[in-house]
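Here's a quick tour of a protein model, put together for someone just getting started. Have a look at it first, then work through the notes below.

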Amino acid sequence: MKNKFYIAANWKMNKTLKECSEYMDYFTNLLLEIPESKVIFCPPFSALFTMKSLLEETPYALGAQNLFWEESGAYTGEISAEMLLSCSVTHVIVGHSERRHLFGETDRMVNKRVLKALSSGLIPILCIGETIEQRKNNETLAVLENQLKIGLESVSGEEINKMIFAYEPVWAIGTGERATPDQIAEAHVSVRNSIAGIKMGNADNIPILYGGSVNSKNVSELLKIKDVNGYLIGGASLNADEFISIIQQIENYIKESK
Ligand code: PGA
């Protein structure tokens, strides 16, 4: 039986203010009852303030796609935790593979972002995942463990309990090539065990999401995988009808399996 499901929409560098308003008007007209899931919209920074008003009186949460670890100062192009909080952001994606691979973010930088998010009261959604070369070389589980080990350095067990994790194989992001249920299940069990080892305690209730080419056609198959507590969805969350279809399938599946 599945409990609470997290469904995070990562809009990446998409949507102007007008497009956000149109999307949310349409979306909230069609879907306001989601008792089984927690939907988190992660629009670009430019839309956070507008999204704050659009999400008022809805059950949806607001997330950002990154944050910087310093308070303020000469850091052109960065955004602080306080700035995110001033837009009523509650969640923040950290260590997304596009940040790691396109912008050179290291595990050490990811760790600083995680620590800053936690100390500011933001919930980090920590993304980890292997490249295709690492998978071919049978390094997947070791890579995931290492990303977690460094990403969670100096994070207390109590803080880890507040976090959300996302397993996103780099080769499955935005490619249409989804990981198989067996690959996802194996990674999720291993990630949960690593988290339990790092926090020296139980990790059974820590949400671990899957991300990478999730859409309305494959979500029903993904829902059967044990140990997956939600999804981080990029491309398929950009279209409101597609995203609503995914959420409805999740809601129905959870209700039926209760
Ligand atoms: P995708 O992106 O759903 O387009 O593969 C997922 C993500 O990057 O979080």
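In this predicted model, helix α1 (residues 17-30) packs against helix α11 (residues 240-256) at an angle of about 35°, and their axes are 10 Å apart. The crossing of these two helices, α1 and α11, is right-handed.

**Where α1 meets α11**
- From α1, the residues making the contact are Y23, Y26, F27 and L30.

**The nonpolar cores**
- The largest nonpolar core has 69 residues.
- Inside this core, the residues with the most contacts are F27, F41, F165, Y210, Y231 and F243.

**Another helix pair: α7 and α9**
- Helix α7 packs with helix α9 (residues 181-199) at an angle of about 35°, with 10 Å between their axes.
- Is the crossing of α7 and α9 left-handed or right-handed? The α7 and α9 crossing is right-handed.
- Helix α7 brings L141, L144, E145, L148 and K149 to the contact.
- Helix α9 answers with E186, A187, S190, V191, S194, I195 and I198.
- By class, this contact of α7 with α9 has seven nonpolar, two polar and three charged residues.

**Two serines to look up**
- S37 sits in strand β2 (residues 37-42).
- Why does S37 count as buried? Its relative accessible area is 4%, so S37 is buried, as the cut-off for that label is under 20%.
- Skipping residues up to four places away in sequence, S37 touches K4, F5, I7, I250 and E251.
- S37 and M200 are 163 residues apart in sequence, and their C-alpha atoms are 28 Å apart in space.
- For the other serine, S156, look in the loop between α7 (140-151) and α8 (157-160).
- S156 has a relative accessible area of 32%, so it counts as partly exposed; that label covers what falls between under 20% (buried) and over 50% (exposed).
- Between the C-alpha atoms of S156 and I254 there's a separation of 32 Å, and the two residues are 98 residues apart along the chain.

**The whole protein**
- How many helices and strands does the protein have? It has 11 helices and eight strands.
- The protein's radius of gyration is 17 Å, close to the 18 Å that the globule rule gives for 258 residues, so it's as compact as a globular protein of that length.
- Follow the C-alpha trace along its principal axes and it spans about 50 × 45 × 35 Å.
- Of the 258 residues in the protein, 53% are buried.
- Take the contacts with a separation of 6 or more: residues 24 or more positions apart account for 72% of them.

Technical notes: Residues numbered from 1 in each chain as written. Predicted model: local features only at pLDDT ≥ 70, side-chain atom pairs only at ≥ 80, totals over all residues. Heavy atoms only, no water. Axes fitted to C-alpha atoms, helices over the stretch in contact; angles between N-to-C directions. Helix = DSSP H or I, 4+ residues; strand = E, 2+ residues; numbered from the N terminus. Left-handed = near helix turned anticlockwise from the far one by under 90°. Contact = heavy atoms within 4.5 Å. Core = buried A, V, L, I, M, F, W, Y, C linked by side-chain atoms within 4.5 Å. Buried < 20%, exposed > 50% of the residue type's maximum accessible area, 1.4 Å probe, protein only. Rg over C-alpha atoms; globule rule 2.2 N^0.38 Å. Nonpolar A, V, L, I, M, F, W, Y, C, P; charged D, E, K, R; others polar.
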